[in-house]
Amino acid sequence: IMAVLSFYKLEVADTMLSDLDTFPVIQLGDFSLKFELDDLTPEFQEIARKELRESPEKKEESLAELRELLKDEPDLWIPIDNDAYLVKFLRPCKYYPESACELIKRYYAFKKKHAEIYDELTPSKESNIFQQNILTVQPNRDQLGRRILVIELGKKWKHKQCSLDEVFKGCVLFLEAAMLEHVTQVAGAIVIFDMEGLSLQQTWQFTPSFAKRIVDWLQDA
């Protein structure tokens, strides 16, 4: 199925890791996929309570502690009064403020180290990767509620028309937009690489520097 991509604007830039205010809309036949920004359903509220130690009291306590920790990081520009922004880091750290603070610092260190990737990174400026139809967010989540991103870097990937840097930028845009979703913050996301039909010429595109960036991204961001 050919995916048709458009963008919609949303005033949530203050809660993003990157300076994004437009988000992809993916048309799959009669199905239109938008990122879900609704609050948690009762089912996922219970999952967050059991697996992430989330409760109104714990959230308030952890937010207050994280804000105090971030005040000691003058080199980081952090919207510390924005609860939604901070909760994105607290949830994967199970509401341990020290761990969330370290995650924030690692993320911004990665962003600074790879500034050439993040400089003016917006969906509209990276339209080529979306037009290649090799990045697909599945319309349904898996049985655990996780978002599924499929990256096809085999026979569908025209490496002379779309570089690996563009693929990486597309992944960053999709996953950062997905992490605005409360359900994804709780359930997570998975990435599937489809390498069927990968040619020898394509393998030469995977340079050591690109591999190092992927390792850094997985470890630090």
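Reply: At least two lining residues of the largest pocket come from each of α3 (83-90), α4 (97-113), β5 (147-152), α7 (164-178), α8 (182-187), β6 (189-194) and α10 (208-220); helices (H or I, at least four residues) and strands (E, at least two) are DSSP runs, numbered from the N terminus. The model is predicted, so local features need pLDDT of at least 70 and side-chain atom pairs pLDDT 80 or more, while totals for chains, interfaces and linings use all residues. Residues are numbered from 1 along each chain as its sequence is written, and side-chain values use heavy atoms, without hydrogens and water.

With seven residues, α7 gives the most to this lining. The lining has 34 residues, and Leu 175, Met 179, Trp 217, Leu 218 and Ala 221 lie nearest the centre of the pocket. A pocket is an open set of points on a 1 Å grid over the protein atoms alone, where a 1.4 Å probe fits, with protein on both sides within 12 Å along at least five of seven lines; lining residues have an atom within 4 Å of a point. The space in the largest pocket is about 920 Å³, a volume being the space filled by probe spheres set on the points, which are joined across faces, edges and corners.

By type, the lining comprises 26 nonpolar, four polar and four charged residues; Ala, Val, Leu, Ile, Met, Phe, Trp, Tyr, Cys and Pro count as nonpolar, Asp, Glu, Lys and Arg as charged, and the others, Gly among them, as polar. Domain 2 (42-114) and domain 3 (120-220) each contribute at least three residues to the lining of the largest pocket, with bounds from an automatic or database domain assignment.
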